[in-house]
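Have a look at the structure first, then read on.

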Amino acid sequence: MHSYADLVHRGTFFTLSALKEVNSEVLKILEDRAPTSAVKSLQMIQLQKAILAVGMFSLFDSILQDRLSCKHGFRKAKEVLSQCGEDGLCDRFEIFISAINVLKHGNGRSYDFLVSNHKELPFRLKLPNESFFDEGDVSEISTLIEVDDQFVINCADVIEEVSNEINNKLPDCCL
C-alpha cells in the first residue's frame, strides 16, 4: 500500500471536490425554490465532511497501532513526537484528536479541553452557550465542531506531518 498520509491527502481533495460540485448544483436549485430534498442534500454534504474527518483519524489510529506494535496508536505517536522535540506538532495533533473525539462523542473531556483552549483553535468550536455556528444556515448539522473544508484539510495535513516525523524517527515504520 502507498503511504497512508498520501492516500488520505488524495482522498480528501477528491472527496471535497466532488462534494463542492454537488453543493454548487444544490445551491442553483435553491436560487429558484427551496425543496426539502435540497436542504437535506446540503446537510448530507456537511455530514459527509464530518464522516471523512472521523474516518481518516480512526483509520490512522489503527495503522499506528499496527505499525508501532501498540494498543494506543495516538499515545505512542505523541511519545515519538515528544522524543523528536516536536512539541508544537504534538500539541496540534492533540487538538485534532480532541476535535475528532468531540465529533464522535460530543461533550466530555475532549470538549472541555477544547473549550479551555478555544481562542487558539484553528477551527470553530460551539461553546456551551451557543446553539448555532451560523443561525439560519440550512446546511448546518448538529455538531460541536464546525467541519468545513479547511477543517478536513487540516486533519489530513496533521496526519501527514505526524506520519513524516514518525517515518523520520523510525524509518522501518513505513506510515
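## The overall picture

First things first: this is a predicted model. The protein chain has 6 helices and 0 strands, so reading from the N terminus you get α-α-α-α-α-α. If you're setting up a box around it, the C-alpha atoms take up roughly 55 × 40 × 25 Å along the principal axes.

## Helix 3 against helix 4

Two packed helices are described by the angle between their axes and the distance between the axes. For helix 3 (residues 73-83) and helix 4 (residues 87-105), the axes come within 8 Å and cross at roughly 160°. Angles over 145 degrees count as roughly antiparallel, and helix 3 and helix 4 are therefore roughly antiparallel to each other. As for handedness, helix 3 goes past helix 4 in a left-handed crossing.

Who's doing the touching? On the helix 3 side, the contact is made by Phe 74, Ala 77, Lys 78, Leu 81 and Ser 82. Helix 4 brings Asp 87, Leu 89, Cys 90, Phe 93, Glu 94 and Ile 97. Sorted by class, the residues of this contact come out as 7 nonpolar, 1 polar and 3 charged.

## The largest pocket

The largest pocket has a volume of about 430 Å³ and a lining of 23 residues. Which of them lie nearest its centre? Those are Phe 74, Ile 97, Asn 101, Arg 109 and Ser 110.

Helix 2 (36-67), helix 3, helix 4 and helix 5 (109-116) are the elements that give two or more residues to the lining. Helix 4 supplies the largest share, with 7 residues. By class, the lining of this pocket has 5 nonpolar, 11 polar and 7 charged residues.

## The second largest pocket

Next up is the second largest pocket, with a volume of about 160 Å³. It is lined by 13 residues, and the closest to its centre are Gln 46, Phe 133, Glu 140, Glu 146 and Val 147.

Definitions and conventions: Residues numbered from 1 in each chain as written. Predicted model: local features only at pLDDT ≥ 70, side-chain atom pairs only at ≥ 80, totals over all residues. Heavy atoms only, no water. Axes fitted to C-alpha atoms, helices over the stretch in contact; angles between N-to-C directions. Helix = DSSP H or I, 4+ residues; strand = E, 2+ residues; numbered from the N terminus. Parallel < 35°, antiparallel > 145°, perpendicular 65-115°, else oblique. Left-handed = near helix turned anticlockwise from the far one by under 90°. Contact = heavy atoms within 4.5 Å. Nonpolar A, V, L, I, M, F, W, Y, C, P; charged D, E, K, R; others polar. 1 Å grid on protein atoms, 1.4 Å probe; cavity = no way out; pocket = protein on both sides within 12 Å on 5 of 7 lines; lining within 4 Å. Points joined across faces, edges and corners; volume = space filled by probe spheres on them.
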